[in-house]
Structures are given as C-alpha cells and as structure tokens.
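This report walks through aromatic rings and a helix. Start with the structure below.

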Amino acid sequence: MKKLGTGIVGAVLLLVVAGCEESARRRAPFDAVWERYAAWTLQVAAAERSTVLAAYTRFDMGLRNALVRARAENLGMDTAASLLQPEQWPGSADIGEVLSRWQQAPNPWEAERVLDRARWDFLAALGHYFS
C-alpha cells in the first residue's frame, strides 16, 4: 500500500491541515473533517482499487447525511450547512428502513446498535469479505 499518512491520527491531522480551513469557514469544523475524511478514503480506494472501501464510504456518508436530515428535522433545524456534499452521497433505499429502526430504538445504545448492524450488513452484502 502506498504511504498516505501514518495511522488514523496522522491521517486526520493531514486532513485538517490540508483543506479544512476554507470548508470550516462556511460550516462546523467537525463537518469539514468528515468531508475531507470521505474524500481521502475515496482516494485510497482508487489508489488501491478497493471497490469495497469505495462502496462502504459512499454508503456510510449517505447514512450520515440521512441521520443529519432526520436529527435536523426533529430539532427544526436547517441541514444545508451540515450535509456532506449531498450530490456525492445520495444514500440508498435501504437507508430509509435503517432510519425507521433507528428512530424506533428505545434508547441511544440500541439506536447505535441499529446503525452498527446496518454497516455490517452492508459489508456482508458486498460478499468480498472486506478485501
């Protein structure tokens, strides 16, 4: 694998330094980090020809956007500043079902388990065993 940074801490620091400044001026810094992280993972996926990483990144960012929309709707907030490039992360039909189960969860722990199960199910459906 090509050396693109050293570990997750190095990757996050590179992402923050390498482009979040402008993005952070127009949105929350945490959102800018996620946006840069997603772009970085797609670069790694392309460099390594990893269809699994590319598909998972698109699924996860689509799921994150769907969660932003659902939380903002519950709080009566605007989502425009917090969505991660919605045209690039459109989500999928399965996400609606996941959101429904997430919203029906009796507590935050169970809600997080719903999201974790959805992520694992997505990876298992790829059938590549994480290669």
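Trp34 and Tyr37 both sit in helix 3 (residues 29–48), three residues apart, about one turn of the helix. Helices here are DSSP runs of H or I with at least four residues, numbered from the N terminus. An α-helix has 3.6 residues a turn, so residues three or four places apart point the same way.

This is a predicted model: local features need pLDDT of at least 70, and side-chain atom pairs count only at pLDDT 80 or more, while totals for chains, interfaces and linings use all residues. Residues are numbered from 1 along each chain as its sequence is written, and side-chain values use heavy atoms, leaving out hydrogens and water.

## Aromatic pairs

The structure holds four aromatic pairs. Rings of Phe, Tyr and Trp (its six-membered ring) pair if their centres lie within 6.5 Å; planes under 30 degrees apart count as stacked, over 60 as edge-to-face and the rest as tilted. Trp34 and Tyr37 are edge-to-face, at 5.6 Å centre to centre and 85° between the planes. Ring pairs also join Trp34, Tyr37 and Trp40 into a cluster.

Phe59 and Phe122 form a stacked pair, 4.2 Å centre to centre with 5° between the planes. This pair links distant parts of the chain: Phe59 is in helix 4 and Phe122 in helix 6 (residues 108–126), 63 residues apart.

## Burial

Phe59 is buried, at 8% relative accessible area. Trp34 counts as partly exposed because its relative accessibility is 22%. Tyr37 is also partly exposed, at 26%. Buried means under 20% relative accessible area, exposed over 50%, and partly exposed in between (1.4 Å probe, protein chains only).

Conventions
Helices (H or I, at least four residues) and strands (E, at least two) are DSSP runs, numbered from the N terminus.
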